[in-house]
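Q: Can you walk me through this model? I'd like the overall picture before any details.

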Amino acid sequence: MSTSDKSMDMIDTYLGVVAAQLSKDQAEDIVAELRDEILARKEDREEALGRPLVEAELEVLLREVGHPLVVAARYSDRPQGLIGPELYPWWMFAARLGLIAVVLLAVARLILAVLFGGEELGRALGHAISGFVNGAISVAGVLAIAGWVVERQPKKPAFLTDWKVRDLGLFAWAGTMERSGLDFLRGNVASRNKAKDTPVVDRSDFSPVAGAATSAVFTLIVLLWWIGALGGVRIDALLLDNGFDLGAAFREIHRVVYWPVVAVLAARVAFDVLRVVTGSPVRLTAMGDFIFALANMAILAWMWTASPFSELIRVNSANDFWQRMLSRDSWALDTVPTLLMAIVVFGFICEAVRAVQSLASLALDRRIGARC
């Protein structure tokens, strides 16, 4: 094979790789344009040398043109990055919120494992750190997938362009909290004192869109924790003074309501994302909040009446409940059962209030009350 034939084979191979990365309707024109450019460069170089290019010299020339994958990408109308520069700040902000949630879950795991699981502090700390690392990787991965999908939508989501000044309160609050936390870890007392003069953002003034975005991130973290993607919370056998095995009850509850809780949390994430995309209209928000309030009430009612905790926390009347709540002996001798009872009862009341507020918002087409 002559030198000229080898050169053309190399060029054809190069252009074939470029064409494979392009759609059929644009490949022919782009390949023809590149072929003319490469041949023109080749002729100029051969004229300067006074001889045909050898194989190694043609390799150098093609490398100067660029790798076929990179060259083809120049002609693509698709996004050229996993997350573009316009969306990246949003992705980073969501990642920071996610990491805050992972830290809180890791701390909760540490406390539960030491106080209720009988685990040694050093071992529990190691598990908490491992859970945090796994959680951080999971959060970054899930948000990266979400960012990749959003980046490739034909129309930009409304939250990128149609934001409101009220939405900005969330970002100011989160930034202040993150700065204060970093200052605390660094021991920067002067900066912390200075931060006291910084205007405090009232979280109750966050717009529904900002609230929906925050809810989506934190609910996603709880969902990942519940299914074990963040390490979960392992509680060994723990016998209370009355012989009740708290650890076995936790494990049984997780087994029985695993899928219902997964369904509720996943639906909540999808609903909050829908609220962000649509601008969180009042009636859509109210309808979703009403449905989720009923679902949460059902789970809490099951906890009270039929769960393994029922015999530990259930009382016969409101009077018995308040006597137990106000009794020092209950909190001193039966701390865990009393605390669990309070969480279930007040949680149910809060969800019932939310359901009523949601119905009112749905009927009046305006936001009624505040979240519990």
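This is a predicted model: local features need pLDDT of at least 70, side-chain atom pairs count only at pLDDT 80 or more; totals for chains, interfaces and linings use all residues.

Q: How many helices and strands does the chain have?
A: The chain has 17 helices and 0 strands.

Q: And what share of the residues is buried?
A: Buried residues make up 35% of the 372 residues in the chain.

Q: What about the contacts, how much comes from residues 24 or more positions apart?
A: Counting contacts in the chain with a separation of 6 or more, 68% are between residues 24 or more positions apart.

Q: What is the accessible surface of the chain?
A: About 21,900 Å², and carbon and sulfur atoms account for 63% of that.

Q: Which residues in α12 are buried?
A: The buried ones are Tyr-258, Val-261, Val-262, Val-264, Leu-265, Arg-268, Val-269, Phe-271, Asp-272, Arg-275 and Val-276.

Q: What follows α12?
A: Gly-279 does, with a positive phi near 85 degrees.

Q: Next, Thr-219. Where is it found?
A: Thr-219 is in helix α10, residues 208-226.

Q: Is Thr-219 buried or exposed, and why?
A: Thr-219 counts as buried because its relative accessibility is 11%, and the cut-off for buried is under 20%.

Q: What does its side chain reach?
A: The side chain of Thr-219 reaches the backbone oxygen of Ser-215, at 2.6 Å.

Q: Which residues does Thr-219 touch, leaving out those up to four places away in sequence?
A: Thr-219 touches Leu-265, Arg-268, Val-269 and Asp-272.

Q: Now the surface. Which residues form the nonpolar patch?
A: Trp-322, Leu-326, Phe-346, Ile-349 and Val-353 form it, and together they have about 500 Å² of accessible area.

Q: Which elements give two or more residues to that patch?
A: Those are α15 (318-326) and α17 (335-364). The largest share, 3 residues, comes from α17.

Q: Where does Phe-346 sit, and how accessible is it?
A: Phe-346 is in helix α17. Its relative accessible area is 37%, so Phe-346 is partly exposed; that class lies between the 20% and 50% cut-offs.

How values were computed. Residues are numbered from 1 along each chain as its sequence is written. Side-chain values use heavy atoms; hydrogens and water are left out. Buried means under 20% relative accessible area, exposed over 50%, partly exposed in between (1.4 Å probe, protein chains only). Helices (H or I, at least four residues) and strands (E, at least two) are DSSP runs, numbered from the N terminus. Contact means heavy atoms within 4.5 Å. Accessible areas come from the Shrake-Rupley method with a 1.4 Å probe; for residues, only the protein chains shown count as cover. Patches are made of residues with over 30% relative accessible area and no salt bridge: like charges are joined within 9 Å, nonpolar side chains (Val, Leu, Ile, Met, Phe, Trp, Tyr) within 5 Å. A salt bridge is a side-chain nitrogen of Lys or Arg within 4 Å of a carboxyl oxygen of Asp or Glu. A polar contact is a pair of N or O atoms within 3.5 Å; within protein, one must be able to donate a hydrogen and the other to accept it, and residues adjacent in sequence count only if both atoms are side-chain atoms.
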